[in-house]
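Open the model in a viewer and keep the selection tool at hand. The stops below say what to select next and what is there.

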Amino acid sequence: MKVTISLIKADIGGWVGHSTVHPKQMELAKKKLEEAKQTGLILDYFVFHCGDDLQLLMTHQKGEENPEIHKLAWDTFVEVTNKVSKSLKLYGAGQDLLSEAFSGNVRGMGPGVAEMEIEERKSEPIIVFAADKTAPSAWNFPLFKMFADPFNTAGLVIDPNMHLGFKFEVMDTIENKVVVLSTPEEMYDLLALIGSYERYVVRRVWRKDGLIAASASVTRLSLIAGKYVGKDDPVLIVRAQHGLPAVGEILEAFSFPHLVEGWMRGSHNGPLMPVSLKNAKCTRFDGPPRVVGLGFQLHEGILEGPNDFFDDPAFEYTREKAMEVADYIRRHGPFEPHRLSAEEMEYTTLPGVLEKLKDRFKEAE
Ligand code: F6R
Ligand code: MG
Ligand code: MG
């Protein structure tokens, strides 16, 4: 059976500040998706959040980029904004809803989208990841680890079905172009691109035989709007097992709290800390950037789960390491490389501050 998994998210108001979402937002979103399930539009859903982003995970049979499904997500965000975020005066109510009118597809309108149409296998384990206070490039490192690094994923060496490697679709977010690179043959070319977080983002990964393995969101709100408006906190869907990385190989990619861009005011580098749903709220310096990982077994499109994977002492060491790194890098205060490079700061409120110094610069002797 063909099933589409759609994970659509938006920050439509934070409680308190940019920390997390309000329980009433989750409640209303669930109600809306339950109604859609009853009418048969979607097969199943799971509403959750990571930090201040409301996450709508849905399964259906309408394919990717389907106007009805995108409209359902958009209408849900609008209704939650109007009925909850605005009346409770939540912070930044509706901030990711960049356009007033819906035009058939939420892509480019603010919300982040990861979608994947699959032929449901005999058993279909999937993991969805959602991160807050960071950007889509945050997945570059773990996706490389999962699908191209034999020191992370033993299956690349051991499993004949994975031994040929994977194909990565990389998007140039500045030029709006994509390129597909094969690993292991083009591993160094791939790394030459995806190590540049500010520009290149992995959007999809396939097995060499064409089986879709991972799909990520690539919305960059700052690029859509030309300045720092809201966040582009990313989401990711990964399929596991039986000729794909095992659940544990996928999770292993998050055992190292690599540095990502985002954090306070979207202007700082910091470690990505894997957390449980109950700890998916941002606190220290509006962070540190966090990621949740939820496992589901699909059966005829029903989402059997979630298995809250990072709710586990096995990730305690990673969290401790993340906080050690957070503490270390925080001591740089406004200095690079904690604060992003001047180029990246162009999309923030910093140019406004520098503007007033412009006329005071004299020629140096
Ligand atoms: C980062 C983020 C927050 C805000 C910060 C300032 O993604 O959402 O760190 O940038 O709290 O917010 P304002 O300018 O709204 O007071
Ligand atoms: Mg926010
Ligand atoms: Mg957010």
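Start by selecting threonine 81, which is found in helix α2 (residues 67–85); helices (H or I, at least four residues) and strands (E, at least two) are DSSP runs, numbered from the N terminus. Before going further, note that this is a predicted model, in which local features need pLDDT of at least 70 and side-chain atom pairs count only at pLDDT 80 or more, while totals for chains, interfaces and linings use all residues. Residues are numbered from 1 along each chain as its sequence is written, chains are lettered from A and ligands numbered from 1 in the order in which they are written, and side-chain values use heavy atoms, with hydrogens and water left out.

**Stop 1: threonine 81**

Is threonine 81 buried or exposed? With a relative accessible area of 3%, threonine 81 is buried. Buried means under 20% relative accessible area, exposed means over 50%, and partly exposed lies in between (1.4 Å probe, protein chains only).

Now show the residues that threonine 81 touches: not counting residues up to four places away in sequence, these are Ile12, Lys86, Ala93, Gly94 and Leu97. Contact here means heavy atoms within 4.5 Å. Glycine 94 is 13 residues from threonine 81 along the chain, and their C-alpha atoms are separated by 5.4 Å. The side chain of threonine 81 also reaches the backbone oxygen of phenylalanine 77, at 2.7 Å.

**Stop 2: salt bridges**

Stay in helix α2 and select glutamate 79 and lysine 83, which are four residues apart and therefore separated by about one helical turn. Glutamate 79 and lysine 83 form a salt bridge, with the closest N and O atoms 2.8 Å apart. A salt bridge is a side-chain nitrogen of Lys or Arg within 4 Å of a carboxyl oxygen of Asp or Glu. Lysine 83 is exposed, at a relative accessible area of 53%. How many salt bridges does this rule give? The count comes to 25.

Next, select lysine 145 and aspartate 149, whose side chains meet in a salt bridge of 2.8 Å, N to O. Lysine 145 has a relative accessible area of 22% and is partly exposed, whereas aspartate 149 has 12% and is buried.

Move on to arginine 284 and aspartate 327, where the side chains meet in a salt bridge of 2.9 Å, N to O. This pair links distant parts of the chain, 43 residues apart: arginine 284 is in the loop between β13 (273–274) and β14 (290–299), and aspartate 327 is in helix α8 (residues 316–330). Arginine 284 is partly exposed, with a relative accessible area of 34%, and aspartate 327 counts as partly exposed at 37%. Then select Asp172, Glu175, Lys177 and Arg199, which are joined into one network by salt bridges that share partners.

**Stop 3: the magnesium ions**

Aspartate 11 counts as buried at 0% relative accessibility, while histidine 18 counts as partly exposed at 21%.

Ligand 3 is coordinated by Asp52 (OD), Asp53 (OD), Asp132 (OD) and Asp233 (OD), at 2.0 to 2.4 Å. The spacing of these donor residues in sequence is D-D-x78-D-x100-D. Aspartate 52, in the loop between β2 (44–50) and β3 (53–60), and aspartate 233, in the loop between α6 (221–225) and β10 (235–239), are 181 residues apart, and the pair links distant parts of the chain. Both aspartate 52 and aspartate 233 are buried.

Terms used. A polar contact is a pair of N or O atoms within 3.5 Å; within protein, one must be able to donate a hydrogen and the other to accept it, and residues adjacent in sequence count only if both atoms are side-chain atoms. Donors are N, O and S atoms within 2.8 Å of the metal (3.2 Å for Na, K and Ca); water is not among the atoms, so sites may look incomplete.
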